[in-house]
Structure formats: C-alpha cells, structure tokens
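Subject: Structure for your files

Dear colleague,

Please find the structure below. My notes on what was found in it follow.

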Amino acid sequence: MTHLLSKSKYIRGLQCERALWLDVHEPRLARYTAEQMRRFDRGRDFEYAFKAQFPDGIDLSAELGRQVDSYSERTAELLGGVGRRRAASADDTAADSGRGTPRPYGVVLFEAGFQYDDVLVLADVVCQREDGSLDIYEVKSGTTLSDTYRRDAALQHYVISHCRTVHSFSIVYNGLDGVNGANGQGGQDGSFAIVDLTLDLAAEGDRIAANIAEMKTIVRATAEPDTPTGQHCLSPYACPYQQHCQQGVRQLALF
Ligand code: SF4
C-alpha cells in the first residue's frame with residue numbers, strides 16, 4: 001500500500017512546508033553534517049540497547065529492508081485479527097498501573113508498520129498483550145522529553161489507534177535526568193526513562209488530522225514552495241536543505 005507521508009516527513013512539515021516538499025520531490029538535495037550523522041548513529045545505538053530487552057522481538061526491517069510499502073501488510077499478518085480498532089478507554093488506562101515497564105508479551109515487533117490517512121508510521125517497539133491490544137514504545141536518545149518527541153508520538157498514536165487498539169503509548173529516552181530512570185538498564189549513558197503519554201496523545205487527534213490534510217496538499221503540489229529562509233531553518237533541527245535554499249537567495253542577489 002503506497003503512502004504520502006511518514007513520521008520524518010510529518011516532523012519536517014511542521015518545521016517548514018518547503019522542507020517537506022523537498023523531502024518528497026528532491027531528497028537528493030539534502031546535505032547532512034558529520035555531526036548530524038554521528039547523532040543518527042548514537043540514536044540507533046540507544047534504540048538497539050532498549051530493543052535488547054525484548055530478545056524474542058521480530059525485526060521487520062531485517063526482513064523487509066527498504067520495501068516500506070510492505071511493512072503494514074506484514075505487521076497485520078504477524079499481529080493477527082485480534083485487537084483491531086478499539087479506542088482504549090480511561091478505565092483501561094487506570095486499570096493497569098504496571099504499564100510503561102517492559103513485561104512478558106505474546107508478540108513483540110520492531111519497526112512494525114501501520115498506515116492510515118495516507119500516512120505510514122514504523123513504530124520502534126510494539127508489544128501485543130493477551131487481549132490483542134498494543135503497548136508501544138518510541139525510543140529517543142535525547143536526555144529530555146522534547147516537544148518534537150511528543151509531536152512524533154502524537155502522529156504515531158493517531159495512525160496506529162485507527163488500525164489497532166492502543167493500550168499504551170510511551171516514549172523511552174535517555175534517563176540521565178533521573179526521570180523514571182529506574183526502569184531497567186540503560187544505554188551507554190544512563191538508564192531508560194519511560195513516560196506514558198497515552199491520554200495526552202489521544203486528545204491530539206483533530207489537530208493531527210488537520211496537519212495531515214494540509215501536508216498532503218503541499219506534497220501533491222508540483223511547484224516548490226517559495227518559503228524564505230529564517231530562524232525556522234535551525235529549529236528544532238538544522239534543516240538539510242539550507243545550502244539549496246541559500247543558493248536561491250544568492251542567485252537572486254546577483255540580479
Ligand atoms: S532551509 Fe529553511 S526555508 Fe529552506 S527548506 Fe529548510 S527550513 Fe525551509
């Protein structure tokens with residue numbers, strides 16, 4: 001099943017509509033610094049350290065590689081028919097005080113794919129409970145729970161909860177700050193901080209749907225948006241298209 005948006009493109013689109021358009025139509029123009037590449041590697045190492053707590057986890061990326069449009073179908077096969085589309089209630093939430101801590105599960109998937117509203121998300125760790133509902137862990141190597149992490153999680157929750165019953169959605173990050181940091185052994189730097197955001201994320205649905213609709217219009221456009229450069233090019237991430245956009249500015253200045 002083909003898709004228009006992914007997690008990374010959605011986050012890019014929140015930063016800049018031009019960056020989103022370039023990600024879809026001209027990704028070869030992206031330029032990443034050596035420090036950005038090192039940060040990606042550190043993030044992967046931290047994620048692997050958390051995944052190691054689930055020795056029976058099935059890694060879909062090892063099986064499917066770059067065939068991204070096959071992930072959601074394979075995920076559906078592995079999770080089976082139970083646990084499809086039932087929104088978790090507040091009662092469900094209050095009932096399980098042990099949520100947020102890795103526990104024995106039937107099926108555990110790494111990079112499980114879910115697609116809804118033309119958006120494909122690959123979730124870091126998806127654990128299927130006995131009743132078929134899912135505990136989901138999104139792993140981030142940063143040492144604070146940033147707004148960008150929350151936005152990323154909100155998109156995933158939106159997509160996955162339209163496909164399956166989500167029992168809990170937690171962000172795992174580097175527990176150097178000591179927040180909930182006692183949930184197991186950490187990566188190289190510290191313990192894993194696990195924060196359950198399920199109820200917060202469930203309230204974000206309308207806003208996410210509106211953002212997705214706007215972004216789909218942007219990526220379907222044939223012309224690159226003429227968004228000028230500015231402070232937004234550096235926050236929350238240094239945009240990889242700065243060279244391309246500044247080139248345009250320099251060319252205009254020559255005339
Ligand atoms: S460099 Fe700035 S204007 Fe250009 S795509 Fe990136 S964020 Fe947008």
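Glu-17, Leu-20, Trp-21 and Val-24 in helix H2 meet Met-215, Ile-218 and Val-219 in helix H9; two residues are in contact if their C-beta atoms, placed from the backbone, lie within 7 Å. By class, the residues of this contact are 6 nonpolar, no polar and 1 charged. Here Ala, Val, Leu, Ile, Met, Phe, Trp, Tyr, Cys and Pro count as nonpolar, Asp, Glu, Lys and Arg as charged, and the others, Gly among them, as polar.

Before going further, note that this is a predicted model: local features need pLDDT of at least 70, side-chain atom pairs count only at pLDDT 80 or more, and totals for chains, interfaces and linings use all residues. Residues are numbered from 1 along each chain as its sequence is written.

The chain has 10 helices and 7 strands.

The axes of H2 (residues 17-25) and H9 (residues 205-220) come within 9 Å and cross at roughly 55°. That angle makes H2 oblique to H9, because angles under 35 degrees count as roughly parallel, over 145 as roughly antiparallel, 65 to 115 as roughly perpendicular and the rest as oblique. Axes are lines fitted to C-alpha atoms, for helices over the stretch in contact, and angles run from 0 to 180 degrees between N-to-C directions.

H2 also packs with H1 (residues 7-15): their axes come within 5 Å and cross at roughly 145°. Lys-9, Arg-12, Gly-13 and Gln-15 of H1 make this contact with Glu-17, Ala-19, Leu-20, Asp-23 and Val-24 of H2. Its residues divide into 3 nonpolar, 2 polar and 4 charged.

Now the strands. In E3 (residues 107-116), 8 of the 10 residues are buried, so the strand is largely enclosed by the rest of the structure. E3 runs parallel to E2 (residues 58-59), joined by 2 bridges (strands pair if DSSP finds at least two bridges between them). Asp-59 has Phe-110 in E3 as its bridge partner. With E4 (residues 119-128), E3 pairs in the antiparallel sense over 9 bridges, and Val-107 stands opposite Gln-128 in E4. The hairpin of E3 and E4 has 2 residues between the strands, and Asp-117 there takes a positive phi near 60°.

Regards

Conventions:
Helix = DSSP H or I, 4+ residues; strand = E, 2+ residues; numbered from the N terminus. Buried ≥ 20, exposed ≤ 12 C-beta atoms within 10 Å, placed from the backbone.
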